[in-house]
Amino acid sequence: MATVCTLAIGTFLVVAPVASGEVLAAGDDSHAGTVDEIIEHLRADPILVQPSMAMGDSARAHDVLTDAAAGVDVPVYVVLAEVPADLTDAERPAEQAAALFRDALGDGLYYVAFPDGPSYSHGWGDGLEDFTGRAANDAVLSAEANASGEYPMASSLLEAVYTVRSAEQPGAALPESVVEEYANQSWAIRPETGSARTDATAGRWVAVIATTSGIVVAGLIVTLVVARTAPLPRRDDHAPIPADARVHAQRIVDAARRRLAELPAATLTDPQAESATRAIEAADRAMSTGDDLDAVGAQVLGRVAHRELNRRTDPDSKPYRPCFVNPAHGEAHDTVRVGGSSIDAPVCRSCAQQRDPGPFLSVRSGRRGWKPYVETSTVWARTGFGALVGDLADQVLDDRVTRP
């Protein structure tokens, strides 16, 4: 197994200045700014990592990817770079770039990622007939689900490494040991940056989502009946929606869309495939609004689609349910009792284990500052982002018909 280098975490997805005296790796070309220039770089070195995509250390990122590709028997091309100047107006620049690179360089495995947009991977040629992005995507979801932090999101470097390693045995899932090996590296999860995110030391909601007055969370209108009472108390801390929620949602949904497109036509009427199709459609509708809560909802719907596609071959796996307190935390694994009711709300393990109060996912309110999402008049509040219902996609689609 390739040895994994440890990266020093720096600024990610913004241009990271090179420290005084730092020498970039010979394989790095910060000046490859057009499609043709990147192609020329890839002819000499099939891995391009520019500083803006390397978490502060493009040399070591280059080495990590080189090691990951060592066991792959087909040509591997990886581009983690700024959007080429001649593709800045393209709708899906990573996908278009990969096609142009392949036309110039020939068959092989291509992984392309640019800042602030979904990545693209594809395998062309002999040895890659069975290659799909499922193994890498499942590994990314696993890494994010088990990572610490308020809003863990895999770095493009981690996604690239998983994609390359999955080409060793196309079509097969990555071994758990490989997933964990890379997920535990310091560069695997993007660091939380900016004041738009809640302080990592802020507590989360108590294991029992309740208050001393026994109020019921407003907006819990689900298949189980809960009385709507007083709103949640105002808190000094809150959990704002990450600024890159839409980018994250686009990546998850696009990956699910690619997986769905890879299914044989005869299987598209399978119940799980139809569920995935509805989830993707609902996610697209949600992302089209530009609303922050809708972006988070699209993330959840994308994960619902992935789980349904997994359930085609693993019918014993459970449908995806997010953490009710904050769906950005990932999948719910435990339940907690909502005060004053008989509802057990699904939450992530971290929320279930915390004793100190912590915030619900919150949105700005011009009159009141911040308020929990469960107090909004949205389909997300009514369903807990799908934590409390089994038909989130259908409810979102119905909601968009009645309220475009």
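Biologist: Looking at the sheet, I see that Ala239 faces Leu361 in S8. What makes S5 and S8 a pair?

Modeller: Two strands pair if DSSP finds at least two bridges between them. Two bridges join S5 to strand S8 (residues 361-365), so the pair qualifies. The two strands run parallel. Do remember that this is a predicted model, where local features need pLDDT of at least 70, side-chain atom pairs count only at pLDDT 80 or more, and totals for chains, interfaces and linings use all residues. Residues are numbered from 1 along each chain as its sequence is written, and side-chain values use heavy atoms, leaving out hydrogens and water.

Biologist: Why are S5 and S9 called edge strands?

Modeller: The open sheet has three strands in the order S5-S8-S9, with mixed pairing. Strand S5 (239-240) and strand S9 (369-372) each pair on one side only.

Biologist: What makes a space a pocket or a cavity?

Modeller: Rolling a probe the size of a water molecule over the atoms shows where empty space is left. On a 1 Å grid over the protein atoms alone, a cavity is a set of points where a 1.4 Å probe fits but cannot get out, while a pocket is an open set with protein on both sides within 12 Å along at least five of seven lines. The largest pocket holds about 580 Å³. Of its 26 lining residues, the closest to the centre are Leu141, Ser142, Ala145, Arg307 and Glu331. Helix H4 (134-146), helix H7 (245-261) and helix H9 (292-311) each give two or more residues to this lining, and H4 gives the most, with six.

Biologist: And which residues lie closest to the centre of the largest cavity?

Modeller: That cavity has a volume of about 140 Å³. Among its 17 lining residues, the closest to the centre are Gly117, Ser156, Arg190, Val247 and Arg251. H7 supplies the largest share of this lining, three residues.

Biologist: How do you know how much of the chain is buried?

Modeller: Buried means under 20% relative accessible area, with a 1.4 Å probe and protein chains only. Of the 404 residues in the protein chain, 53% are buried, so that share falls under the 20% cut-off.

Key: Helix = DSSP H or I, 4+ residues; strand = E, 2+ residues; numbered from the N terminus. 1 Å grid on protein atoms, 1.4 Å probe; cavity = no way out; pocket = protein on both sides within 12 Å on 5 of 7 lines; lining within 4 Å. Points joined across faces, edges and corners; volume = space filled by probe spheres on them. Buried < 20%, exposed > 50% of the residue type's maximum accessible area, 1.4 Å probe, protein only.
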